[in-house]
Amino acid sequence: MPSPVTVRTSRVEARIAPDSLAVVRRAAELQGRSVSDFLVAAALKDAHQTIADAQLIRLSVEDQHRFANLLLNPPPLVPAMQRALGQKAPDRQRQVTAPFRLELLAANHAREGFSCGVTVLDAYFARQVSQDVRRRASACFVAVEASTGRVAGYYTLAAGGVPLTDLPEALAKRLPRYPSVPVARVGRLAVDQTFQGRKLGGALLADAALRAARSEVAVFALVVDAKDDAAEAFYRHHGFEPYGTQPRQMIVSLRHLAS
Ligand SMILES: CC(C)(COP(=O)(O)OP(=O)(O)OC[C@H]1O[C@@H](n2cnc3c(N)ncnc32)[C@H](O)[C@@H]1OP(=O)(O)O)[C@@H](O)C(=O)NCCC(=O)NCCS
């Protein structure tokens, strides 16, 4: 006789107002489930949807046109991005960054004490990033000051996609034939205040763009959700353009980097 399969479960405690509990009970009864079964199923459904929403960027028809156009006819790299990539820009010689190493985030990197001036980005780096890396929700790269080993900056990179379902055939057939156009998303990018203004932010962004462009999985653009006006200005300075209905969704094509 086959031995019974044991499924390991964890306990979750939650507080719920009596009115809400009554509604949940009623709904659970209608589905013939226990309250806890019902709660777990509902939470799981919502969690899957949230993760799918985070990975898929949905656009209006008009925004799909703008997005497609930016992919098909990308403007040339702006001088700031060229500088950040370490190429010789027409107007200025390459600026050499202080000696930093770029590495994948590892257990030996001290994450407490990182301070870029934006609390949510510091808190994310101190408390959540390693969980996201472990779950493969995103990768995290850090710039480490070579002389001290101190983390001077970080960025996260994750896979995403933009479904282009409503484009006219003529435009759609010039684009990659995927259910959605694969993009890489810079979720967060920050430089510790001690190191700001030393070309490190630009270097991190260029590193993200190069990694995405050289990835074995075809990636067509780098996208960001700029958090505020200053971040938006930083990304614009590096050639990102708005493309979506959300105010600060920005994109740069990787076409000029792929080679
Ligand atoms: C935005 C941030 C990453 C910039 O990093 P930095 O190391 O200070 O910037 P750099 O020295 O690499 O600047 C590179 C170029 O961008 C320009 N730049 C920097 N911040 C800028 C801003 N807010 N707006 C416009 N341009 C900006 C610089 O003048 C420089 O231009 P140049 O190459 O023409 O000389 C950093 O200030 C930071 O971490 N801020 C808080 C967190 C944040 O806003 N993150 C971004 C959104 S998630």
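Which residues does Ala 221 touch, not counting residues up to four places away in sequence? Ala 221 touches Leu 71, Val 183, Ile 251, Val 252, Ser 253 and Leu 254. Two residues are in contact if their C-beta atoms, placed from the backbone, lie within 7 Å. This is a predicted model: local features need pLDDT of at least 70, side-chain atom pairs count only at pLDDT 80 or more, and totals for chains, interfaces and linings use all residues. Residues are numbered from 1 along each chain as its sequence is written. Helices (H or I, at least four residues) and strands (E, at least two) are DSSP runs, numbered from the N terminus.

**Nonpolar core**
- The largest nonpolar core has 58 residues. A nonpolar core is a set of buried Ala, Val, Leu, Ile, Met, Phe, Trp, Tyr and Cys residues joined through C-beta atoms within 7 Å.
- Val 183, Ala 208, Ala 209, Ala 212, Ala 221 and Leu 222 touch the most other members.
- Helix α7 (residues 200-214) gives this core its largest share, nine residues.
- In soluble globular proteins, nonpolar side chains tend to be buried together.

**Ligand shell**
- The ligand is surrounded by 24 residues. A residue counts as near if its C-beta atom, placed from the backbone, lies within 6 Å.
- Gln 196, Gly 201, Gly 202, Ala 231 and Ala 233 are the closest.
- Helix α8 gives the most to this shell, five residues.
- By class, the shell has 13 nonpolar, six polar and five charged residues. Ala, Val, Leu, Ile, Met, Phe, Trp, Tyr, Cys and Pro count as nonpolar, Asp, Glu, Lys and Arg as charged, and the others, Gly among them, as polar.

**Loop residues**
- Lys 199 lies in the loop between β4 and α7. Lys 199 is not a glycine, yet its phi is positive, about 75°. Lys 199 counts as buried because it has 20 C-beta neighbours inside 10 Å.
- Arg 136 sits in the loop between α5 and β2 (139-145). Its phi is also positive, near 60°. Arg 136 has 9 C-beta neighbours inside 10 Å, so it counts as exposed.
- Most residues other than glycine have a negative phi.
- Val 118 is in the loop between β1 (100-104) and α5 (119-134). With 15 C-beta neighbours inside 10 Å, Val 118 counts as partly exposed.

Terms used: A residue is buried if 20 or more other C-beta atoms lie within 10 Å of its own, exposed if 12 or fewer, and partly exposed in between; C-beta atoms are placed from the backbone.
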